[in-house]
Amino acid sequence: MAALSIGSANAIGRTKWTRIAPSRPRVSCIGWDPEGILGSPQGGHISRMEFRKRLEKDADAREAFERQVREEKQRRRAQRESRVVPDTNEELIEYFLDTEARELECEIARIRPRLNKEFLAHLQFELGQLRFAVSRTKDMVDRLIELEAMQKVLEEGIEAYDKMQTELIVAKERLAKILQAQDKKATLLEMLERNELDRSLLTLLDENIANAHKYNQKQAAEYMEKIRSAVLKYMTA
């Protein structure tokens, strides 16, 4: 079996805002590839499902893979946390312009309170100055393009993050309801009728299962896996 490894990441560098088309950012779920560290599986012919099956069948490969994921997460987290978040809105704009594209999602989550109405208004003000300047240099035009792209990505990222947080709160309430139920089958059927069994609930279960395995809590992991299987069964029935 070929070795499974994580490619080394580059140091944080300036995002090429003028070269990327802003698209709706995804908010990563906690699953087999936390934070999207690995990207697409190596080898175009190997699907994610096939890759996952390989890990499930080979305990040594899975352990090595999970260790590499943890190390890469720790390295990226340390790199991210070493960056000092500036105090002013002007500096915060430059901070995001200097943020690597793949780190934007995590940065939005990390400093969400700073991305408030005041900051967005300041960004809009600078955009207005550039758009309606009497005479614009090439540097001003380039900055305008960068800031417009950044504004779109930040606004969509904030929207996605806030939606995820709301869904997470609801998912926690629903999971607590299932765990506390005496008759879990009846509870699941009732929740199914109310459209309360959804992808957010599965994601939360995946997170709990991953944490249970991480701390070697086998019984808890098995119990959560059974609940996840039941939830998935009713969702796809």
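## Notes on an all-helix predicted model

1. Let's start with Q151, which counts as buried because its relative accessibility is 12%, under the 20% cut-off. This glutamine sits in helix α6. Leaving aside residues up to four places away in sequence, Q151 touches L123, Q124, L127 and R131. Keep in mind throughout that this is a predicted model.

2. Now the overall layout. The protein chain has nine helices and zero strands, so reading along the sequence you simply get α-α-α-α-α-α-α-α-α. Of the 237 residues in the chain, 35% are buried. Take the contacts between residues at least 6 apart in sequence: 66% of them join residues at least 24 apart. The chain exposes about 14,900 Å², and carbon and sulfur atoms supply 51% of that area.

3. How far can you trust it? Mean pLDDT for the protein chain is 81, with 76% of residues at 70 or more. Where pLDDT is low, the predicted coordinates should not be read in detail. Among the elements, helix α1 (residues 48-57) has the lowest mean pLDDT, at 67, while α5 has the highest, at 97.

4. Which residues have the most contacts inside the largest nonpolar core? They are L92, I93, F96, I108, L115, L147 and M150, in a core of 20 residues. Helices α3 (89-97), α4 (104-110), α5 (117-131) and α6 (138-180) each put in at least two residues. Helix α6 gives the largest share, seven residues. As background, nonpolar side chains tend to be buried together in soluble globular proteins.

5. Not counting residues up to four places away in sequence, I108 touches F96, L115, V153, L154, G157, I158 and Y161. Apart from this core lies another one, of 15 residues, with L188, M191, L205 and I227 among them.

6. Helix α3 is worth a look of its own. Its buried residues are N89, L92, I93, Y95, F96 and L97. Which helices are included in what covers them? The cover includes α4, α5 and α6. In general, an α-helix has 3.6 residues a turn, so residues three or four places apart point the same way.

7. N195 has a phi near 60°, a positive value in a residue other than glycine. You'll find N195 in the loop between α7 (184-193) and α8 (199-214). Is N195 buried or exposed? It counts as exposed because its relative accessibility is 64%, over the 50% cut-off.

8. The other asparagine is N216, which has a positive phi of about 60° although it is not a glycine. N216 lies in the loop between α8 and α9 (218-236). With a relative accessible area of 56%, N216 is exposed.

Definitions and conventions. Residues are numbered from 1 along each chain as its sequence is written. This is a predicted model: local features need pLDDT of at least 70, side-chain atom pairs count only at pLDDT 80 or more; totals for chains, interfaces and linings use all residues. Side-chain values use heavy atoms; hydrogens and water are left out. Helices (H or I, at least four residues) and strands (E, at least two) are DSSP runs, numbered from the N terminus. Buried means under 20% relative accessible area, exposed over 50%, partly exposed in between (1.4 Å probe, protein chains only). A nonpolar core is a set of buried Ala, Val, Leu, Ile, Met, Phe, Trp, Tyr and Cys residues joined through side-chain atoms within 4.5 Å. Contact means heavy atoms within 4.5 Å. pLDDT is the predictor's confidence in each residue, from 0 to 100. Accessible areas come from the Shrake-Rupley method with a 1.4 Å probe; for residues, only the protein chains shown count as cover.
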